[in-house]
Amino acid sequence: MKWFISLIIVLGILAGSLYAVNREDKPVYVLDTRTAEYIRYLRPDIDPGMVDLIAHHIDMACLEHGLDTELVVALIARESSFLPWARSRADCVGLMQINPRAHRDKCKGFSGVELYHIPVNVGIGCAILREYMDRSKSLDEALGRYMGCQGAVSYKRDILATAAELYARRD
């Protein structure tokens, strides 16, 4: 019975997240189905409702921080394989593998559990990536900072290759 109640709650969240209207009853945001398609392409085994939820929050954070969804999807695929509960040996957490010790300023006000929440994690991760992109001379350098190691060639190559593959799937 608990799983059924959880399912109803998730469906309610999804229904409210997929379409919003302003006071003039004009559409404000409709989920970009490409992001969900990218995730399904990379991880066809993930529950469709979870895919839509993750995709929605990726779209919103990318819109807020001026990032390409393909890059963020590729980063999440590499960091956590789309598992919101992922935790690394270095205590990085969630979809975007946020390091709370390294990013105290961005994690301030959130409990350790809240950092796993999809909108919080993706929002913080995108804020970090945007900051690194603004401070770096190249995307390669920004990704190296995100990982915490400029020499991680295979890490950066994987993300860029996946992002390029997703760009090629557009339209």
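Pocket, core and cysteines of a predicted model

Me: Which residues lie nearest the centre of the largest pocket?
Reply: This is a predicted model in which local features need pLDDT of at least 70, side-chain atom pairs count only at pLDDT 80 or more, and totals for chains, interfaces and linings use all residues. Residues are numbered from 1 along each chain as its sequence is written, and side-chain values use heavy atoms, with hydrogens and water left out. A pocket is an open set of points on a 1 Å grid over the protein atoms alone, where a 1.4 Å probe fits, with protein on both sides within 12 Å along at least five of seven lines; lining residues have an atom within 4 Å of a point. The largest pocket has 17 lining residues, and nearest its centre are Glu 79, Cys 92, Gln 97, Tyr 146 and Met 147.

Me: Which helix gives the most to the lining of the largest pocket?
Reply: Helices are DSSP runs (H or I, at least four residues) numbered from the N terminus. At least two lining residues come from each of helix 4, helix 6 and helix 7. The most, 3 residues, come from helix 7.

Me: Is Ile 128 buried or exposed?
Reply: Ile 128 is part of helix 6, which spans residues 118-135. Buried means under 20% relative accessible area and exposed over 50% (1.4 Å probe, protein chains only). Ile 128 has 3% relative accessibility, so it counts as buried.

Me: What separates the C-alpha atoms of Ile 128 and Lys 106?
Reply: Contact means heavy atoms within 4.5 Å. Not counting residues up to four places away in sequence, Ile 128 touches Ile 98, His 103, Lys 106 and Tyr 146. Lys 106 is 22 residues from Ile 128 along the chain, and their C-alpha atoms are separated by 8.1 Å.

Me: How many disulfides does the count come to?
Reply: Cys 92 is buried at a relative accessible area of 14%, and Cys 107 is buried at 7%. A disulfide is a pair of cysteine sulfur atoms within 2.5 Å. By this rule the count is 0 disulfides.
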